[in-house]
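Dear colleague,

Please find below the structure that I am handing over to you.

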Amino acid sequence: MADRLRAYRVKRDLDRTPEPAGGDGGGRPAESGGRFVIQEHHASHLHWDLRLEREGALASWALPKGVPGHPDENRLAVRTEDHPLEYLSFEGEIPKGSYGAGTMHVWDRGDYECEKFRDDEVIVTLKGERVGGRYALFQTRGKNWMIHRMDPPADPTAEPMPETVAPMLAKLGPLPADDDAFGYEIKWDGVRVVAHVDAGHVTLTGRNGTDFTPRYPEVRGLGDALGSRRLILDGEVVALDGQGRPSFERLQSRMHLASPSAVKRRARDIPVTYIVFDLLWLEGHSTLALPYRERRRLLAGLELVGPAWRAPAHREGEGRALLDASKQQDLEGIVAKRLDSPYEPGRRSAAWIKVKNHAAQDVVVGGYTPGEGGRARSLGALCVGVQEDGRLKYAGKVGTGFTQHTLGTVLSELHSLEREDSPFDGRQPPRDTRFVEPRLVARVEFREWTRAGTLRAPAFKGLRDDVDPADVVRET
Ligand code: MN
């Protein structure tokens, strides 16, 4: 037995770690089964350790994505060293710098029946509280193993996680008259992000399908926090200012970074927070058809509060009070969501109404005018438009709201997009406009639309790359 635990002991400093040293095991003969444990191990990468009692020790595999509940879904299993029997109940903190540093707790335990136990294939029936069923562990041609469920799905009605869900959008409007029929949320001014969380692995997707996972690395901790859960969340990535208000301008400096090292550096100065406001899929089941109120109840049950994510509660009724409060705090506005409404992916639905304190609008940049005076070698104003029946209609000039930094960013983008002719259909910007390919989307705040369809007093808030220029239409 000392031999079987040699690798275990060599890897560890048993004076430092709280893990058991292991006795001599007793050397019982091969059994037809025994006890098992699955530990959730928050090490450098979250994984689950499956351990089967066998001849006085614990045969062990690390499962990066946990135990599959469905026979179609084989998951990786990495054979690890045998562990002492005392490990069946081990929970605790393995200190930093030690082998397997991190916290470990028992995720499931029980007995198992053994059908086959060979060097390259093991077939067992697990009888735990969370996991039940017949499983095969088998070595592939490489040195890795896979774990496969041999029984029918644990949850026969479970469906595979959808790869994408297009976010539902809101219509602009006044406060609804039937106040009690609505829930209200702050309108978070940032970037819309749908998060897939799959047993510790997080993927962040923007409105136009862009993978934002590398861009907001601090949100990945959400996977660790949710453990073995599998779900899809909807929310907004925001950068908060000193007063805790979301600032689209602040978020700008996190939006156009090329390298992971630049992202890492900037994340220290300007961290982001993922504000979660909806739950779209949970443990094998779509929640889209559930009423908003019920989706919200399930979301609250997840207790999402972390260093870079949270799910602020909505309010039912009293929209006026929340709108007033949002105005006092100089926030963009609120969103009213019909309590009995389902989630409509990709649709701009009347069940969601954004009620704004000040007008804001996404616009397509179609050109710019050269600067004068202090901005002589820079840009004077952006010439912007919105789509109307598939054509870009000129909507005015945006000449304020820039910082030295945004001027530089915008100008370098514009230079690479210059073209001879105007992208605008119909009414044209001033004669000295330099035209560009209509690929950049800017966010502006403004006072109102004039009768001619021009933005009055628009101010630049930033460029956004999560919205397709073809989708930019007038919101009012
Ligand atoms: Mn482990």
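Two strands are taken to pair if DSSP finds at least two bridges between them. In this predicted model, strand E22 (residues 359-370) and strand E25 (residues 434-446) are joined by 9 bridges and run antiparallel.

E22 and E25 belong to an open sheet of 5 strands, whose order is E24-E23-E22-E25-E28 and whose pairing is antiparallel. The edges of the sheet are strand E24 (391-398) and strand E28 (459-464); each has a single partner strand, so one side of each is left without a neighbour in the sheet. From one strand to the next, the twist averages 45°.

Helix H7 (residues 404-415) lies across E22, strand E23 (379-388), E25 and E28, and runs at about 65° to E23.

Turning to the protein as a whole, it contains 7 helices and 28 strands. It is divided into domain 1 (6-149), domain 2 (169-356) and domain 3 (360-471). The C-alpha centres of domain 1 and domain 3 are 59 Å apart, and the C-alpha trace of the protein spans about 90 × 50 × 40 Å along its principal axes. Of the 476 residues, 37% are buried. Among contacts between residues at least 6 apart in sequence, 63% join residues at least 24 apart.

One residue was examined individually. Val37 is placed in strand E1 (residues 33-42). Is Val37 buried or exposed? A residue counts as buried if 20 or more other C-beta atoms lie within 10 Å of its own; Val37 has 22 other C-beta atoms within 10 Å and is therefore buried. Leaving aside residues up to four places away in sequence, Val37 touches Arg51, Leu88, Val106 and Arg109.

With kind regards

Note on methods: Residues numbered from 1 in each chain as written. Predicted model: local features only at pLDDT ≥ 70, side-chain atom pairs only at ≥ 80, totals over all residues. Domains from an automatic or database assignment. Helix = DSSP H or I, 4+ residues; strand = E, 2+ residues; numbered from the N terminus. Buried ≥ 20, exposed ≤ 12 C-beta atoms within 10 Å, placed from the backbone. Contact = placed C-beta atoms within 7 Å. Axes fitted to C-alpha atoms, helices over the stretch in contact; angles between N-to-C directions.
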